[in-house]
Amino acid sequence: MRPLFTFSVGLAFGLGLCLSGMTLPSKVLGFLDVAGAWDPSLAFVMGGAVAVGLVLFRLARSRLAPPSTRIDRGLVTGSALFGIGWGLVGFCPGPALAALGVGEPKALAFVAAMIAGTLAHRLVAAPKAAVLGLDLARPRETCGA
Amino acid sequence: MTIDWQNFTPWASLAGGLLIGLAAGVLALRSGRILGVSGLVAGLFEADDEWRARFALIAGLVAAPVLLGLVAPLAAPTLDAGWLAVIGGGLLVGFGTRLAGGCTSGHGVCGLSRLSPRSMVATGVFMAAAVATVFAVRHLA
């Protein structure tokens with residue numbers, strides 16, 4: 001992967017996040033608040049992204065490992081913890097990074113805490129490797145989806 | 001259920017979503033990688049030959065609002081959450097997404113697009129947990 005190519009991908013992804021309203025925690029919480037005055041906009045973000053994604057990922061099928069069917073406790077617990085954090089603040093990882101570019105101090109604090117959480121998981125998952133600075137059992141995919 | 005028509009932005013959100021799907025799809029087509037932001041952040045602490053590519057992707061993500069701000073005024077993000085909730089929420093998001101192996105981009109956008117059963121479960125759980133948390137904070141507290 002060439003850095004110029006991945007930079008462009010990140011740029012397009014970030015522009016999409018900004019345009020869609022995902023970088024605005026107030027809007028994200030307005031979407032998640034189904035019992036209040038509900039703003040359904042963000043359903044259109046996921047709908048649009050998956051509509052394009054279904055086509056492109058089908059074309060890319062031969063380049064990707066088949067999707068995993070493993071449903072384990074870590075997947076469910078981790079997703080639940082993530083959802084609680086997302087609901088508390090209104091930031092998930094991508095929009096939080098993009099909000100750094102707007103210069104919001106709370107976004108900086110959120111990203112710092114998010115990185116601390118990432119490193120804490122690394123310690124729990126592979127304590128010896130982390131202490132020794134070795135990379136054991138690292139998934140080769142960018143993420144385990 | 002009451003719809004918040006004042007803040008409803010279906011077209012901008014749809015356009016943003018299409019762009020997000022395009023970025024993730026092109027990365028998968030060209031390099032066979034999943035665009036997962038939580039994984040990319042974790043990857044900043046992996047010294048391998050793809051470090052520069054991951055760093056560049058994150059740099060593009062951070063640069064997007066800066067460049068967009070030059071062309072059009074951007075709405076500044078408003079965080080209602082206090083500092084303690086921001087820090088606690090960040091820790092939960094960082095730890096939780098690594099335990100689950102993905103976040104809204106990796107499991108949500110990419111996983112659903114490739115019809116991954118694992119990602120469908122993850123997305124269902126984090127959406128439900130987020131909705132329940134907002135309900136507890138706004139309507140029970």
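Guide: Strands pair when DSSP finds at least two bridges between them. Strands (E, at least two residues) and helices (H or I, at least four) are DSSP runs, numbered from the N terminus. The model is predicted: local features need pLDDT of at least 70, side-chain atom pairs count only at pLDDT 80 or more, and totals for chains, interfaces and linings use all residues. Residues are numbered from 1 along each chain as its sequence is written, while chains are lettered from A and ligands numbered from 1 in the order in which they are written.

Visitor: Which residue stands opposite A:W38?

Guide: Strand β1 of chain A covers residues 37-38. Two bridges join this strand to β1(B), and the two run parallel. In β1(B), the residue opposite A:W38 is B:I3.

Visitor: Which element gives the most to the side of chain B that touches chain A?

Guide: Residues are in contact if their C-beta atoms, placed from the backbone, lie within 7 Å. The contact takes 109 residues from chain A and 116 from chain B. On the chain B side, elements supplying at least two residues each include β1 (2-3), α2 (37-43) and α3 (51-71). With 21 residues, the one that gives the most is α1(B).

Visitor: How does α1(B) lie to α5(B), roughly parallel or roughly perpendicular?

Guide: Residues B:I20, B:G21 and B:A24 in α1(B) meet B:S105, B:V109 and B:C110 in α5(B). The axes are 10 Å apart, at an angle of about 95 degrees. That makes the pair α1(B) and α5(B) roughly perpendicular.

Visitor: Where does B:L115 lie?

Guide: B:L115 has a positive phi of about 55 degrees, although it is not a glycine. Most residues other than glycine have a negative phi. B:L115 lies in chain B, in the loop between α5 (104-113) and α6 (117-140).

Visitor: How exposed does B:L115 count as?

Guide: Buried takes 20 or more other C-beta atoms within 10 Å of a residue's own, exposed 12 or fewer, and partly exposed lies in between; C-beta atoms are placed from the backbone. B:L115 has 13 such neighbours, so it counts as partly exposed.

Terms used
Contact = placed C-beta atoms within 7 Å. Axes fitted to C-alpha atoms, helices over the stretch in contact; angles between N-to-C directions. Parallel < 35°, antiparallel > 145°, perpendicular 65-115°, else oblique.
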